[in-house]
Amino acid sequence: MKTRADIEGLKRDLDQRLKVLKNDSVFLDSPRGRYAITVLEQRREVAEMVGENLILLDWVFNHNTDIKRADLVDQDKV
């Protein structure tokens, strides 16, 4: 599974790419331009959500985790 640093790096890369593409009028006027920006923005949102929920994802996908379901609902551990 990816680490928090990998997720943060992906978010930075997506932010940079979006900034460049949104300032490129030729790209924006192309048939795929707006669609590509929308997809990259959605990926950025998902990366943000994944970064906020890495503990939950570890519990879901890692069979060798020491995280318990009780840890996920404990307000003091959030």
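User: Leaving aside its neighbours within four places in sequence, which residues is L18 in contact with?

Analyst: Contact means heavy atoms within 4.5 Å. By that rule, and with neighbours within four places in sequence left aside, L18 is in contact with I37, L40, E41 and R44. This is a predicted model, in which local features need pLDDT of at least 70 and side-chain atom pairs count only at pLDDT 80 or more, while totals for chains, interfaces and linings use all residues. Residues are numbered from 1 along each chain as its sequence is written, and side-chain values use heavy atoms, with hydrogens and water left out.

User: Which residues make up the largest nonpolar core?

Analyst: A nonpolar core is a set of buried Ala, Val, Leu, Ile, Met, Phe, Trp, Tyr and Cys residues joined through side-chain atoms within 4.5 Å; buried means under 20% relative accessible area (1.4 Å probe, protein chains only). Here the largest such core has six residues: L14, L18, L21, L28, I37 and L40. Both α1 (4-22) and α3 (33-52) supply at least two residues of this core, and the largest share, three residues, comes from α1.

User: How many helices and strands does the protein chain have?

Analyst: Helices (H or I, at least four residues) and strands (E, at least two) are DSSP runs, numbered from the N terminus. The protein chain has five helices and zero strands.

User: What share of the residues counts as buried?

Analyst: Of the 78 residues in the protein chain, 23% are buried. The C-alpha trace spans about 50 × 20 × 20 Å along its principal axes.

Conventions:
Buried means under 20% relative accessible area, exposed over 50%, partly exposed in between (1.4 Å probe, protein chains only).
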